[in-house]
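Subject: Structure handover

Hello,

Please find the structure below, with its sequence. My notes on what was found follow it.

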Amino acid sequence: MAKGYLDIEDDIAAIATAPGAGALAVVRAAGPGSVERAARAFSRPDALRALDGYRAAYGKMVDGDGRAVDEVVALVFRGPASYTGQDGVDIMCHGGRATTDGVLSALEAAGFRRALPGEFTFRAFYNGKMDLARAEAVGELVAARTAASRADAFSRLSGGLSRELAAIKASLVRIAAAFALRLDYGEDEAPEDIVSELPAIREARAACLALADSYAVGRALLDGSVVALAGAVNAGKSSLFNRLLKDERAIVSSQPGTTRDYLEAELDLGGLPVRLVDTAGVRDSADPIELEGVRRSRLVAGGADAVVYVVDATAGLRPDDLAFVEADPAAIRAWNKVDAAGAAPAPAGWIPVSAATGDGEAALVAAVRAALLGGASADASALASGAPPMSARIGTARHREALLRAAASLGDAAEAVEAGEPVDMAAVDVAAALEALGEITGETTGEDVLESLFSNFCVGK
């Protein structure tokens, strides 16, 4: 692990707000000597030193030459009742790159070093203010793009996942103690039959698998998804693109080949953050620019999390349409322009929709969401509103992999008990499950993993 993260006695500082012009910005400082060092760069040093935790002082930040940089409000935190568990100072200054850089430079002149990405949150984890699952949720909350993804991350930050894992681990610790007691007594003197632990082992395994299965929803909320609109020219893809975005982003024309390259835009699709892509219509063409657009569109559609294949209901199914849906049976099939004169009824398996009037839009969105969630059960209305999840969910592949390993170990433990194998065999499996779960909350996580996780945070968090 990078030495800087483990240098927890250093006094560190960083700009904590997004760069750019604004009414206010925050420069954050933390460390055992942070209040004293900040006082050296403050126009009223004695006033700052005298502050209790959660008290503020007004003054000026001054650089190493004693020149005033900005008028600020400095808010003092006293450890351990602080975010990092150490003393700290949040300096609220005027927004703007030059001002925040000036305040940070004044702190550096007073002896602070610049914080590494996520170093404040690492110190909170290191000092026991939060476990690793909650620390990761800090980064997830910062990156949240919809109300639903924000609520999902905040649930983990509030300890929802940690409490679920603690309950599973408490059960496994009890089982491990029962196994240890059996080993202490020996085969003939055991106080109870170890088979009685089978229901608890199976229940813990089921809980691990249920949490692992929640990754489909957590991933869709955290990472977002790519949804591509595909189809022949003039199928109405661009009109549907505009309808879903509620904005006239794509040029719509009756002339074939209007979209010569793919367009994309961010969309909140019923609580799911989505990058919606309008691809170029597929047709034979001698135009090299249009052919390149078609090639790129096929690449985008091939890498999308979900594809909506659009067909013009007035033209019906063509050989190219049939070939596409046969090659990609998972594609969502949209039968567009059902409001137009001469529109044919939607065939079985196709969703009738009108990009012009919005008819069928709700059914199409529901089908896309179902495809992105992988069939996972989720309360659609709660997800869209940003309400807290009804049960704990995971949000990362790391969590899922650890839970699957824990479940596999518990499955092995159950088989060992059922087969009447020596109890130490099952005890090893239960210990392995506990270690895997500990990787999620941080008790057994390696330094390389910790460095990778925190280095992906933004500086100042």
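The model is predicted, so please read everything here as computed from predicted coordinates.

Overall picture

The protein chain has 461 residues, and 47% of them are buried. It contains 18 helices and twelve strands. Its accessible surface is about 21000 Å², with 54% of that belonging to carbon and sulfur atoms. Taking contacts between residues at least 6 apart in sequence, 64% join residues at least 24 apart.

Six strands form an open sheet with mixed pairing, and their order is 3-4-5-2-1-6. Strand 3 (55–62) and strand 6 (113–114) are the edge strands, each pairing on one side only. Strand 6 pairs with strand 1 (residues 12–15) in the parallel sense, over two bridges. If you want to find this pairing on screen, look for Ala13, which stands opposite Arg114 in strand 6.

Helices across the sheet

Helix 4 (residues 97–109) lies across strands 1 to 6, that is strand 1, strand 2 (24–30), strand 3, strand 4 (68–77), strand 5 (88–94) and strand 6. It runs at about 145° to strand 5. Helix 4 has 13 residues and reaches 18 Å from its first C-alpha to its last, close to the 18 Å expected at 1.5 Å a residue. Its buried residues are Thr100, Gly102, Val103, Leu104, Ala106 and Leu107. After helix 4 comes Gly111, which has a positive phi, near 115°.

Helix 5 (residues 119–126) lies across strand 1, strand 2 and strand 6. Its direction is at about 135° to strand 1.

The loop between strand 4 and strand 5

Two residues of this loop are worth a note. Pro80 is in the loop between strand 4 and strand 5, and a cis peptide bond joins Gly79 and Pro80, with omega about 5°. Asp87 is in the loop between strand 4 and strand 5 as well.

Is Asp87 buried or exposed? Asp87 counts as buried, because its relative accessibility is 19% and the cut-off for buried is under 20%. Leaving aside residues up to four places away in sequence, Asp87 touches Ala30, Gly31, Pro32, Ser34, Val35, Phe77, Arg78 and Gly79. Gly79, one of these contacts, is also the residue joined to Pro80 by the cis peptide bond.

Tyr54 has a positive phi, near 65°, in a residue other than glycine. Tyr54 is found in the loop between helix 3 (45–49) and strand 3. Lys337 also has a positive phi without being glycine, with a value near 70°. Lys337 belongs to the loop between strand 11 (332–336) and strand 12 (351–352).

Cysteines

How many disulfides does a search of the whole structure find? The search finds zero. Among the cysteines, Cys93 is buried, with a relative accessible area of 1%. Cys208 counts as buried too, at 0% relative accessibility.

Regards

Conventions
Residues are numbered from 1 along each chain as its sequence is written. This is a predicted model: local features need pLDDT of at least 70, side-chain atom pairs count only at pLDDT 80 or more; totals for chains, interfaces and linings use all residues. Side-chain values use heavy atoms; hydrogens and water are left out. Two strands pair if DSSP finds at least two bridges between them. Helices (H or I, at least four residues) and strands (E, at least two) are DSSP runs, numbered from the N terminus. Contact means heavy atoms within 4.5 Å. Axes are lines fitted to C-alpha atoms, for helices over the stretch in contact, and angles run from 0 to 180 degrees between N-to-C directions. Buried means under 20% relative accessible area, exposed over 50%, partly exposed in between (1.4 Å probe, protein chains only). The expected span of a helix is 1.5 Å times one less than its number of residues. Accessible areas come from the Shrake-Rupley method with a 1.4 Å probe; for residues, only the protein chains shown count as cover. A disulfide is a pair of cysteine sulfur atoms within 2.5 Å.
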